[in-house]
Structure formats: structure tokens, C-alpha cells
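Keep the structure open beside the text.

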Amino acid sequence: MKKMVWMMTLSFGAIVAGYAQKVQVIRVEGSQISTNSAASAEQKEIGKTVMEFMFDYTYLRDTTQVSSVVTDRMILQVGQGVSKFSSYRTMQVDSLIRVSTADQIQADPRRYIGGKTYSIYKNYPPGKLTTTDKIATDWFLIEEPVPEQAWTMTEETKEILGYPCKSARCFFRGRDYIAYYTDEIPVADGPWKFGGLPGFIMEVRDAKDHYSFVCVGINSKSDRRITMPDVPYNKTSRVKFYRTKYTYDINPLGYLETVSGIKVNVTDNGETRTDLAKPRGLTYDYMETDWRKD
């Protein structure tokens, strides 16, 4: 594979290398570099939305500092027999990039930084849960049976968006969760990989409050397309994907150079940041922690 050498200058926030109408965004936040290539993939339609639910997804970037909280706006598109959970911010950036020129993107790169790159499809294909995600320039697809949570009903109640909600608890893939659901919405679904309760899950959070999803809006008359990136995927297992993601997260430059054949040199005020090429420990853990045991 021919190596691409990208020479970039690191401003205190984000750095962008753009080419034609496809843009690779590389950003540096503290000690982490992550990449999004939002508009590099064509989309195939797999259904139509009949209801949409907006969630605020909140998580800690550093579990030792409560002040490191990050929020991403997520969208759950519910169609006939299929649903998709993904970042609404990323959806907006995808649309913006498709109508922007390379010069426009270079002039204001922060407008083109999306949210989470993963999408979760329930019952697609039938009886399966499919997750798509992107690590650097590589697309991954994980297909598994639709997971079941062993919910235990509890006595707690609360009201969310005017809907009375009951509560339930479960242990799922390494974490304890509490969820609040309403039986006044005729949809048996919820954010992320959650489901299986007698109603719609309006809120779910783990016991340590490291991760949470809270419904903040409902559109009962949506007809938006439900799409999936139409790209060549690396089909893998959930555990293997997390191992790959971990390899990237602790040393993104090393991953790019080894796996993708891309050499990245980062400079700060004219000086090369050699420290960014060294592996580093993570200050958080993924939502699913059970992958470490396999």
C-alpha cells in the first residue's frame, strides 16, 4: 500500500486535511486524536422512520473528573420492524459536508466535526442487532443476536417529558443499569442496545453515572429515511472490535501508520509532537466492559 504523508499544523483545537468533496477530519483533544470521515460513504436505505426520539447521551471522558462530562445528541429512528440509533450531530455534519466545498470546510473546520461514529440497528437483518462503526479510515460491522437484558422491576417512578415512567434494573455486559420506561408510548424499544421492557425506555443510566441516555424530544410524524453506510466492511465480532478500538485509542498515530499505511506528523508551533506517538492509558472505560474477559 502506498503511504500517504500528511503534514499538519496543530492549532489548539482541531486540524483538518481536506481533499475534493471527501474530508478526513483529524482532531486533537488533550492527549487523544480521533478521526471522522463523515461524508466519505454512500448511504443505502433500509427503511422509513415512523417515529423519532431524541436523546442526550452523556458520558465522562475521564472517570476521575466529574467535570469531564461530554454530551452528544443522539437520534433513535423507529420504523416498521427496524430501528436505528446514531448521533444526530453526525447526521447533521454528513448533510453539511455533502453541500460544502473543500474551501468552505478548510475555512471553518469546527463546523464539520461530528459526534459518535457508531450506528446501532435493531432487527436488521431480522432477529439480529447490527453495529457499524469507524476506526480511523476503516469501517467495521458487528452482527449479533438481538441482546436481552434480564430486567428486574423496581418501585421507583419519575416523569419524563410529561410521561409517567416506571423503573427497572439490570446487569448488562459489565455494568449495572437503571431504566425508566413508559407504557403510554406504543413502542417497545429504547436507546443504544436497550429494549425488552413493556413500554418505551425514556431514560437509562449506569450505577456509577458514567453513561446515561435521557429522552429530550419526540417526533411522532417523521418519514426520514433509515440508512446504512454502503461501504466495504471489516466484519468482525464484538470482542475483536473492542480490541481493535482499544489499540487505536491508546495509540492512534501508531494505528494509522501500521494498519492504514498513513504517516502522520503533528507539529505544535513548528515543533514535532513526538509524545503523541507514544501509547497512553485510557482515563475511561467503554460502556461494555466484558470484552476484556474473553
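**Strands, a helix and rings**

Strand β5 and strand β15 (residues 211–219) run antiparallel and are joined by eight bridges. Two strands count as paired if DSSP finds at least two bridges between them. Strands (E, at least two residues) and helices (H or I, at least four) are DSSP runs, numbered from the N terminus. Asp-56 stands opposite Val-214 in β15.

A word on the model itself. It is predicted, so local features need pLDDT of at least 70 and side-chain atom pairs count only at pLDDT 80 or more, while totals for chains, interfaces and linings use all residues. Residues are numbered from 1 along each chain as its sequence is written, and side-chain values use heavy atoms, with hydrogens and water left out.

Stay with β5, which covers residues 43–60. Which other strands does β5 pair with? Eleven bridges tie β5 to strand β6 (residues 69–79), again antiparallel. There, Phe-55 faces Met-74 in β6. Five bridges join β5 to strand β16 (residues 225–229), also antiparallel. Here Gly-47 stands opposite Ile-226.

Now move along the chain. Strand β11 (residues 152–160) pairs antiparallel with strand β12 (residues 163–172) through seven bridges. The two form a hairpin with two residues between them, and Leu-161 in the turn has a positive phi of about 55°. Next, β12 pairs with strand β13 (residues 175–182), antiparallel over seven bridges. This is a hairpin too, with two residues between the strands, and Arg-173 takes a positive phi near 50°.

Asp-206 lies in strand β14 (residues 200–206). Is Asp-206 buried or exposed? Asp-206 counts as buried because its relative accessibility is 3%. Buried means under 20% relative accessible area, exposed over 50%, and partly exposed in between (1.4 Å probe, protein chains only). Beyond its neighbours within four places in sequence, Asp-206 is in contact with Arg-175, Asp-176, Tyr-177 and Tyr-211. Contact means heavy atoms within 4.5 Å. A polar atom of the Asp-206 side chain lies 2.7 Å from the backbone nitrogen of Tyr-211.

Helix α3 covers residues 238–250. At 1.5 Å a residue, its 13 residues should span 18 Å, and the end C-alpha atoms are 18 Å apart, which agrees. The expected span is 1.5 Å times one less than the number of residues. The buried residues of α3 include Phe-241, Tyr-242 and Tyr-248.

Turn to the rings. The whole structure holds 23 aromatic pairs. Rings of Phe, Tyr and Trp (its six-membered ring) pair if their centres lie within 6.5 Å; planes under 30 degrees apart are stacked, over 60 edge-to-face and the rest tilted. Phe-172 and Trp-192 have ring centres 6.1 Å apart and planes at 80°, so this pair is edge-to-face. Phe-172 sits in β12 and Trp-192 in the loop between β13 and β14, so the pair ties together parts 20 residues apart in sequence. Both residues are buried.

The rings of Tyr-246 and Trp-291 have centres 5.9 Å apart and planes at 50°, so that pair is tilted. Tyr-246 is in helix α3 and Trp-291 in the segment after β19 (271–272), 45 residues apart. Trp-291 is buried at 6% relative accessible area, whereas Tyr-246 is partly exposed at 27%. The charged end of Arg-292 sits over the Tyr-246 ring, 5.3 Å from its centre. That term asks for NZ of Lys or CZ of Arg within 6 Å of the ring centre and within 35 degrees of the ring normal.

How values were computed: Polar contact = N/O pair within 3.5 Å; in protein donor to acceptor, adjacent residues only side chain to side chain.
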